[in-house]
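Let us read a two-chain model together, one feature at a time. Have the sequence and the 3D view open.

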Amino acid sequence: MTVKFFKLASGFVAFTAGLGMLSSVVMAAGDGGGQHFAKQSWSFGGVFGRYDQKQLRRGFEVYKGVCTGCHSMNLLSYRNLTQPGGPEYGEDYIKAMLKSDEVEVNLPHNDEGEIVNEDGDLFTRPAALSDRIKKPYANDKAAMAANGGALPPDFSVIGKARAMHANHEGIPGLFTWVFALVKDVVTQYQEGGPDYIYTLMTNYHETVPENAPKDFSLPEGKHYNAAFPGHAISMAPPLSDGIVDYTDGTKATLDQHAKDISAFLMWAAEPHLNARKRRGFMVLIYLAILSLLLYGVKRKIWEDVKH
Amino acid sequence: MAHESVYTPNSGIEKWLDERLPIIRLGVDFMAMPTPRNLNYWWTFGGILFFFLMVQIITGIILAMHYIPHESMAFDSVEHIVRDVNWGDMLQNMHSNGASFFFIAVYIHILRGMYYGSYKAPREMLWILGVIIYVLMMASGFLGYVLPWGQMSLWGATVITNLFSAIPFVGGAITELLWGGYAVGQPTLNRFFSLHYLMPLILFAFVGLHIWALHVVGSNNPDGIEIKLKEDSLPFHSYFSMKDAFAMVLFAMIYVYFVFFMPDYMGHPDNYVRANPMVTPPHIVPEWYFLPFYAILRAIPDKLFGVIFMFAAIAIVAFLPWLDTSRVRSMRYRPTAKLFFWGFVATGLLLGYLGAKPAEGGYVIASRILTAYWFLYFIVALPLLGWTQKTKTLPGSITEAVLGKDAMKNNK
């Protein structure tokens with residue numbers, strides 16, 4: 001039996017390896033965008049990973065101080081900032097912030113339909129917790145006009161939309177690719193989004209570096225970024241040392257800003273991550289116990305039957 | 001049912017009901033189906049598939065209560081479910097990952113059937129119904145992936161619906177009918193939502209037929225021989241119902257791991273970007289479970305023939321009962337055929353890899369070689385092997401296969 005099995009297994013392995021080698025040899029060329037990508041360690045990675053509430057608050061400070069000038073966050077409301085598992089600001093704090101910033105919203109803030117006052121005019125009112133986070137531009141056209149024709153993407157789900165995983169890292173060979181896929185499952189890698197954002201924020205170059213792709217020329221008005229696909233990005237370096245003063249006294253470095261905004265954007269894209277992981281752990285425990293009980297039942301039933 | 005009824009109504013009410021609507025008899029006999037005692041754990045995937053069908057239907061009904069099939073609202077309505085509906089993020093992750101696990105289970109189920117020759121007489125109808133269910137699953141999966149209206153939804157739908165335009169004469173008309181216009185847009189999304197809701201109902205009916213056919217011919221088994229002795233079989237309940245339940249929970253644990261800890265692993269990040277007809281993504285990739293067929297499509301240089309080969313690659317599976325000429329069912333007793341079978345599995349996996357890669361250079365060459373293997377396996381290897389192979393001696397009965405020849409003699 002074992003001999004048979006080994007013969008078979010080795011035949012299979014040889015066949016697969018043959019095909020695999022064939023394809024990876026033929027495929028060695030191609031692929032590989034040459035995007036720089038560096039994995040970071042995040043508090044919310046892994047089964048027991050949770051958002052760091054202080055980090056989310058710092059991230060919000062970066063968003064509010066820098067990003068909000070150009071980037072909308074249409075799917076989030078101010079109330080989300082007070083919810084459990086997020087930055088968890090007090091309602092009064094957010095209300096006071098809206099008041100002191102004199103945030104006014106048009107009604108309604110989506111572009112469909114209008115709410116008008118008694119004279120039939122559009123009107124604005126001070127923002128409430130239930131309002132969506134106010135967008136910097138009235139619409140996409142206005143945003144593009146103000147940004148040299150480039151549309152600053154909305155930030156609501158960008159933490160997931162820019163996720164990198166194994167097959168986006170430009171790994172050419174079949175086996176390294178399979179290995180990366182399996183590794184991602186085992187290590188539970190779901191932080192490709194914040195990793196990308198962090199890398200993007202920290203890989204601007206003032207001049208085109210020597211390791212840039214051959215024949216690379218930087219178009220007028222663009223900036224060189226080693227992490228960006230194609231390397232020519234419209235956005236000027238948004239973060240730098242000390243661009244935002246943290247209220248919790250954390251040292252304001254570019255690295256710190258980049259980490260905090262990445263974590264904040266991940267939260268914005270996945271606001272229920274803490275609850276989800278907690279719930280998942282309970283479900284797994286429940287199923288593990290159930291499977292043991294069922295195994296016992298099954299064994300008892302089959303006790304006298306050889307099969 | 002193919003076996004004698006084991007039900008005797010005890011109370012007056014049961015007797016009364018049994019003469020008018022023998023529904024209890026149906027249920028009792030259903031659960032008592034004589035099942036080969038030597039089934040291994042690969043036989044638990046039928047039950048697992050039923051579990052996933054129910055998961056998809058239940059979560060789907062609830063998601064449909066909140067979803068809006070409108071091109072400017074679909075994306076936001078899915079995000080609304082995830083963000084604001086109670087348990088919404090869990091339901092949405094269960095549904096999207098449920099589709100993936102449905103396919104993982106169905107691929108194991110199909111390959112199990114291929115390995116142990118479960119398609120051979122008298123199980124041809126059972127097999128063909130299974131292939132129809134698989135095709136309906138693919139349709140449901142494709143339609144469902146369009147609904148969140150992200151970039152991959154829109155562009156995946158564009159690529160797949162465009163395939164129909166390759167059909168001579170009527171292709172254009174069919175494509176416009178699918179679109180409800182001249183491009184994928186609002187009418188497409190609306191009808192895809194309707195069809196996505198319809199598909200599982202049809203699927204459910206076919207699952208009913210599939211199970212009916214199973215109860216007529218009985219389960220195949222790892223040794224591929226029919227039940228002959230009384231000791232060869234055991235009643236389905238509680239022997240196999242409990243074994244299935246145990247396997248189901250184990251498989252559900254893997255599913256749960258993905259749902260709660262890596263819900264986006266099997267999806268494409270681009271589908272978190274709102275659908276935009278003005279921006280084409282650099283690589284348009286279908287869901288992972290279509291990748292082998294996508295690779296076959298792109299391996300063929302001609303559009304029409306690519307489409308034909310892609311559909312043929314699926315359709316040919318339905319003809320297995322007649323393509324495989326071997327009189328022995330199980331690969332356990334067909335050592336040469338077994339190697340070809342594993343070659344086929346490797347081909348499927350590698351084609352999946354190639355489907356995810358851009359269609360250029362070496363990838364295309366490799367796709368062509370593997371596409372050739374896919375078809376040659378069915379139309380050359382299986383017929384020839386059946387005629388020329390040397391098979392091992394089959395055991396006299398299932399019980400003999402389990403206990404061994406000596407033990408059988410000692411018993412007598």
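Q: Where do the domains of chain B run?
A: Domain bounds come from an automatic or database domain assignment. For chain B the assignment gives domain 1 (1-32) and domain 2 (40-286). Their centres, taken over C-alpha atoms, are separated by 34 Å.

Q: Before we go on, what kind of model is this, and how is it labelled?
A: This is a predicted model: local features need pLDDT of at least 70, side-chain atom pairs count only at pLDDT 80 or more, and totals for chains, interfaces and linings use all residues. Residues are numbered from 1 along each chain as its sequence is written, while chains are lettered from A and ligands numbered from 1 in the order in which they are written.

Q: Which domains does chain A have?
A: Chain A is divided into domain 1 (39-76 + 138-295) and domain 2 (89-132). Their C-alpha centres lie 29 Å apart.

Q: How many helices and strands are in chain A?
A: Both are DSSP runs, numbered from the N terminus: helices (H or I) need at least four residues, strands (E) at least two. Chain A has 9 helices and 5 strands. Along the sequence the pattern is α-α-α-β-β-α-α-α-α-β-β-β-α-α.

Q: Which strands form the open sheet in chain A, and in what order?
A: Two strands pair if DSSP finds at least two bridges between them. Here the order is β3-β4-β5 (chain A), an open sheet of 3 strands with antiparallel pairing. β3 (204-205) and β5 (232-233) of chain A are the edge strands, each pairing on one side only. Strand β4 (residues 223-225) of chain A pairs with β5(A) over 2 bridges. Look for A:Y224, which stands opposite A:A232 in β5(A).

Q: How many residues of chain A are in contact with chain B?
A: Two residues are in contact if their C-beta atoms, placed from the backbone, lie within 7 Å. By that rule, 46 residues of chain A are in contact with 44 residues of chain B. On the chain A side, α1 (2-27), α5 (158-161), α6 (174-186) and α9 (273-302) each supply at least two residues. The largest share, 16 residues, comes from α9(A).

Q: What classes of residue make up the side of chain A that touches chain B?
A: Ala, Val, Leu, Ile, Met, Phe, Trp, Tyr, Cys and Pro count as nonpolar, Asp, Glu, Lys and Arg as charged, and the others, Gly among them, as polar. That side of chain A has 27 nonpolar, 11 polar and 8 charged residues.
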